Amino acid sequence: MPLFSPTEFAKDQVLAVQEYSLLAGRSLSNVFAKPRYLDDTLQQADQIGVGSLPIVVLTGFFTGAVLALQTSGTLEQFGSLSLTGKLVAFSMVRELGPVLTGLMVAGRNSSGMASELGSMKVTEQIDAMRAMGVDPSKKLVTPRVVATVVMLFFLSIISDLVGLTGGFMISYLLLGLDANQYWTTAYQGLRFGDVLMGLSKPVIFGFIIASIGCYYGLSAKGGTQGVGRATTQAVVAASVLILVSDFFLTRLLMGFFQY
Amino acid sequence: MSFEDVAIAFDHPVLESISFQLPRGETKILMGVAGTGKTLILKLALGLLKPDSGHINVLDNEVTAMREQDLFAFRRNIGMVFQESALFDSMTVEENVAYRLIEETGRVTEEIHQRVLEALRFVELEHTVALSPGELSGGMRRRVAIARAIITQPEVLLYDSPTGGLDPVTSNTIIELIVKQRDVYHTSSLMVTHRLQDAFTMASHYFDRQQNKMVPVGDGVDCGDLNTRFLILRDGKIIFEGKAAELLRCDDPYIREYLS
């Protein structure tokens, strides 16, 4: 067994970052270049958006519900149970809606993209595509990036709404809060900056999910074992990057809106 | 096509000082044991990989100096048949064969459909047009891959072990198609093969249009007339280049052992 070389390891990591950056950059610049694969983009949008809807709805609903359930005790101690709607809205719209939706879609679609493109790579279908004069970054990567960014934006909105509904069900049925009071505090508690923060995150997360999934897929090697490895790495990397970028994005936007 | 002093290394040198020419209309058969860089030569010719040094000129294009974006347009004049066919699983046979044409028009038009049928007729698989690659046998997949490569009538064809892993009867069918392409359309081609029998069949048979089949050349006909040359690699270097007759007369002990 060859000895571990720190230099080679460092070189590999730098090379990986360089290749990912180039692929991510090309996936964006391709949006402005012909040919544009609208059919492929719509197909991906259907697969990513409509396909992820059930898990996003379930995750959003139960997150909102458990949020109301967990915080009600603390709020009651301060006599502020009526603010449950505001707390659920604030947490879901600014943070949990986009992040949990991003993580769910990363688990479902980053892995799907990595395994699909990885299988194409190891069976030489990517080379065949290049050999026939078709740019895989235009044909395969850009449609997935565009579709994921657009669909994650709408999925996050749906998740926020369903989460608020979950919180409402608990507040109304278990905590005995007034429906009007819940929705009024939820609505009035949100500021423009909160909504903007909640809507800008899915754009970044969507880009991370698709570009990471495609990158690991296109760099898969070593047969079916390599495809499996690429799939796992894609989910892990996408999930970690979502959480890390969420922190920096939140800090940036908090500074911007002067929270 | 010409290779001039081409070298490439990965963990260790794979190809060193590779130089040869492929004149228009000629078929060059690349042979050698596994791992000597035969497939690599095809990928370098197509610009799928860049050499560490040397020059590769294909159809008056300096492939080594071209940007990836320019290579996409260049590759449309070259057809390649991959070792494992590399058909797109998610598409039908028709969509696979018409792939290049659909890229230009965006959909399968009536004209494209007719061209697909013509290409599939060439490989005698017209009836598979609506099937998916998963429903085809290994030999049929190779023939569909040939149809996909020739549909645009490219000026150069690259075959990567087109008969690898196939039974002798199916292999013969595929070699007949390659001979047909060579003798009917006079397409320049590079073919990688491990099967000596296929290589010598190509060098000793021609396609008779009247009989519509491959027939052996008669006595006294030089195999060189068929425009087919051999190129043998050993440890990343060319050790033989010439006609079938010259190869059989070669005294090199390695080549004698390889041929036996």
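C250(B) is buried, with a relative accessible area of 15%; buried stands for under 20% relative accessible area, exposed for over 50%, and partly exposed for values in between, using a 1.4 Å probe and protein chains only. This is a predicted model, in which local features need pLDDT of at least 70 and side-chain atom pairs count only at pLDDT 80 or more, while totals for chains, interfaces and linings use all residues. Residues are numbered from 1 along each chain as its sequence is written, chains are lettered from A and ligands numbered from 1 in the order in which they are written, and side-chain values use heavy atoms, leaving out hydrogens and water.

**Cysteines**
- Over all chains, the structure holds 0 disulfides, a disulfide being a pair of cysteine sulfur atoms within 2.5 Å.
- C214(A) is buried, with a relative accessible area of 0%.

**Nonpolar cores**
- The largest nonpolar core has 78 residues, and M1(B), F3(B), I41(B), L158(B) and L190(B) have the most contacts inside it.
- Helix α7 (residues 192-218) of chain A gives the most to this core, with 9 residues.
- Such a core is a set of buried Ala, Val, Leu, Ile, Met, Phe, Trp, Tyr and Cys residues joined through side-chain atoms within 4.5 Å.
- Helices (H or I, at least four residues) and strands (E, at least two) are DSSP runs, numbered from the N terminus.
- Leaving aside residues up to four places away in sequence, M1(B) touches F20(B), Q21(B), L22(B), A45(B), N57(B), V58(B), V156(B), L158(B) and L190(B), where contact means heavy atoms within 4.5 Å.

**Strand β6 of chain B**
- Strand β6 (residues 78-81) of chain B is covered on both faces: I78(B) and M80(B) are buried on one side, as are G79(B) and V81(B) on the other.
- In a regular strand, side chains alternate between the two faces of the sheet.
- β6(B) and β7(B) run parallel and are joined by 4 bridges; strands pair if DSSP finds at least two bridges between them.
- I78(B) has V156(B) as its bridge partner in β7(B).

**Backbone features in loops**
- K34(A) and P35(A) are joined by a cis peptide bond, with omega about -5°.
- P35(A) lies in the loop between α1 (6-29) and α2 (38-77) of chain A.
- E124(A), although not a glycine, has a positive phi of about 65°.
- E124(A) is placed in the loop between α3 (84-122) and α4 (125-131) of chain A, and is buried, with a relative accessible area of 13%.
- Q153(B), also a residue other than glycine, has a positive phi near 50°.
- Q153(B) lies in the loop between α6 (138-150) and β7 (156-160) of chain B, and is partly exposed, with a relative accessible area of 38%.
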